[in-house]
Amino acid sequence: MAAKLTWLVFGIVTLGMLGCGGGGGGSGGGTTPAPVTPASLSGYAATGAALAGATVTATCQGGTSTATTTANGLYSLTAQGLPCVLTATLGSVSLRSVAPAGVSTIHISPLTDMAVAYLSGDLPSNAAGNLSALSALITTANINNAVAAVSTALNTATAGAINLGATNPLTHAAFRPSAPGVTQDALDALIDQLNTRISTTGQTTLTAINNALAHMGAGGDNTMINRLLSAPPIPNCPAIRNIPYRFVAADIGSAYRGLLTPNLTSTGGTFTTSYEGSTTRNGTLTLTANPCEATITEGTLSGKAYISSSGVLVYHYTTPTPVIGIAVPAQRLRLADIAGSWNTIEFGRFSAPLTGWNIAFEEVVYTATGAMSARVCTGTAPCGTFVSATTSYNNTRGGFVIDNSLTPFIAYAYRSPNGEKMMLMGDQTVIGVMTRNTSMSLPALNSQSTYWDVGTQTTRSGLVSSFTGTNSPEYTNTVTSISGSTVTRNRSDGRVDTVIYNFPRLGTRHRPAGTYNIGGITYSFSELIQTRAMGITFSGNVVTTTNTAVPFFGMSVDRP
């Protein structure tokens, strides 16, 4: 593959600037709202056990209505025109359901909450507030489709233990939640099984499941549901599961991407790495006494691996050849899921300003239909001009193929159980990470963070650079002062540095170059741009033709 000036933008520029334009507006007269026809609704609200004394609110086209459930969870109200979003609230419990035109019985439970997530493509907690946009989707056909998707996801993830079959949890006539003097029916028993799965699998919540369901439709898959409802193989590191992972990695000669499939037990286990266009190798992952820290081997390679709180695997081989890699659970998201602005840090071979391995920063914007624009960012200077011509699309390998004039590269998108997103990028000469261009929150004064440092650096000259790596040390940072967006930190080895938040762009941090003294020896550190996602801080130093920095790419993984 030819060398590149920057990875994303160079390919766009060579396609030429594509012009588009035009647009018009108009005005129209007012319309008379359709008349509202009140409708009687009733059903049961339950978490497994009946929700007694809960408030049920029907948010409908013509307004809202409320009712209070009986001791066995039954509610009855007059809805102000269908369709409606129903919300049952009792203390900290809040569950949703939807009522299309032509129904009189609608139940509310964790299963209906999940159906609303799939139907709306959003968290159910947002459904009532988005009724105007959601109302067109609240049809019997769409609800049946959502229920079928939830049923398939649960059946697959639990190996048939939770199987709804043909039962619709919104309208099931025989539904009776457990309550004093009431015999529990089969549907309520399935809800109990779901609750048990959630409480025993570790790091799983109904909100996390809904996050995954909201992003299954229109090209998504149920990989995350499988992870959330499967038992964690390693009790002291529940973030890792026996599910496929997509990885990107780099060594002295090339960059790689592929599929990593683990088979883990309580203390570790084996895995297989399948490199795209190359070979398959077997490896081992053995947990140390520290939660989520492991020794790792792959063929003749050996090193350390770390699992972040969001299930991202960072690994670093040091013997006999340095290799750095990162892997995310394999997940097929929708184009709409990656829409928005992203910051990138790229580590690879470029043609300028330096030959050999180098660091590049870009800002990338995707649309919900797959169009992409990008601009190069150098240090703290304003980024260049956006150029647009490439497109991205879902592909069978679980990523997005980004077409440019040189060669397509793959972006692997991952949405964590809490809804956070990141992407990995990879081709034959570059690896990189994309994180959201959203504001970073400042840490609290005197707060501490303990982390493992994984990094690699190269020389500045030659297409075949030396490739060395850190030994993955553990550090603790303590925040000693905060002034505006500038944070001063003391590291456990004595280094003091400052970090400026949301500079030079939202979602980035800037660490100016500096020196520190330990035991009478002065050490220097280079200027860094950092991003953060999934419990990992990603770092790239600012390399220009006028400074002496050597290319460095690092990942700091928060210790649990």
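Biologist: What is the handedness of the link of Cys377 and Cys383?

Modeller: This is a predicted model, and in it a disulfide joins Cys377 to Cys383, with an S to S distance of 2.0 Å. The angle about the S-S bond is 100°. The link of Cys377 and Cys383 is therefore classed, with 100° about the S-S bond, as right-handed.

Biologist: Is Cys383 buried or exposed?

Modeller: A residue counts as buried under 20% relative accessible area. Cys383 has a relative accessible area of 17%, so Cys383 is buried.

Biologist: How many residues apart are Cys237 and Cys292?

Modeller: Cys237 and Cys292 form a disulfide, with sulfur atoms 2.2 Å apart, and both are buried. Cys237 is in the loop between α7 (223-228) and β7 (245-250), whereas Cys292 is in the loop between β10 (280-287) and β11 (293-298). The pair thus links distant parts of the chain, 55 residues apart.

Biologist: What kind of aromatic pair do Tyr44 and Phe175 form?

Modeller: Planes over 60 degrees apart count as edge-to-face. The rings of Tyr44 and Phe175 are 6.4 Å centre to centre, with 90° between the planes. Both residues are buried, and their aromatic pair is edge-to-face.

Biologist: Is Tyr523 buried or partly exposed?

Modeller: Tyr523 forms a stacked aromatic pair with Tyr516, 5.5 Å centre to centre and with 25° between the planes. At 15% relative accessibility, Tyr516 counts as buried. Tyr523 has a relative accessible area of 35%, which means that Tyr523 is partly exposed.

Biologist: Over the ring of which residue does the charged end of Arg491 sit?

Modeller: A charge counts as sitting over a ring if CZ of Arg is within 6 Å of the ring centre and within 35 degrees of the ring normal. The charged end of Arg491 is 3.7 Å from the centre of the ring concerned, that of Tyr475.

Biologist: Which element supplies the largest share of the lining of the second largest pocket?

Modeller: The second largest pocket has a volume of about 240 Å³. Of the 14 residues that line this pocket, the closest to its centre include Ser94, Leu95 and Asp113. β6 (93-99), α2 (110-120) and α6 (206-213) each supply at least two residues of the lining. The largest share, four residues, comes from β6.

Technical notes
Residues are numbered from 1 along each chain as its sequence is written. This is a predicted model: local features need pLDDT of at least 70, side-chain atom pairs count only at pLDDT 80 or more; totals for chains, interfaces and linings use all residues. Side-chain values use heavy atoms; hydrogens and water are left out. On a 1 Å grid over the protein atoms alone, a cavity is a set of points where a 1.4 Å probe fits but cannot get out, and a pocket is an open set with protein on both sides within 12 Å along at least five of seven lines; lining residues have an atom within 4 Å of a point. Grid points are joined across faces, edges and corners, and a volume is the space filled by probe spheres set on the points. Rings of Phe, Tyr and Trp (its six-membered ring) pair if their centres lie within 6.5 Å; planes under 30 degrees apart count as stacked, over 60 as edge-to-face and the rest as tilted. Buried means under 20% relative accessible area, exposed over 50%, partly exposed in between (1.4 Å probe, protein chains only). A disulfide is a pair of cysteine sulfur atoms within 2.5 Å.
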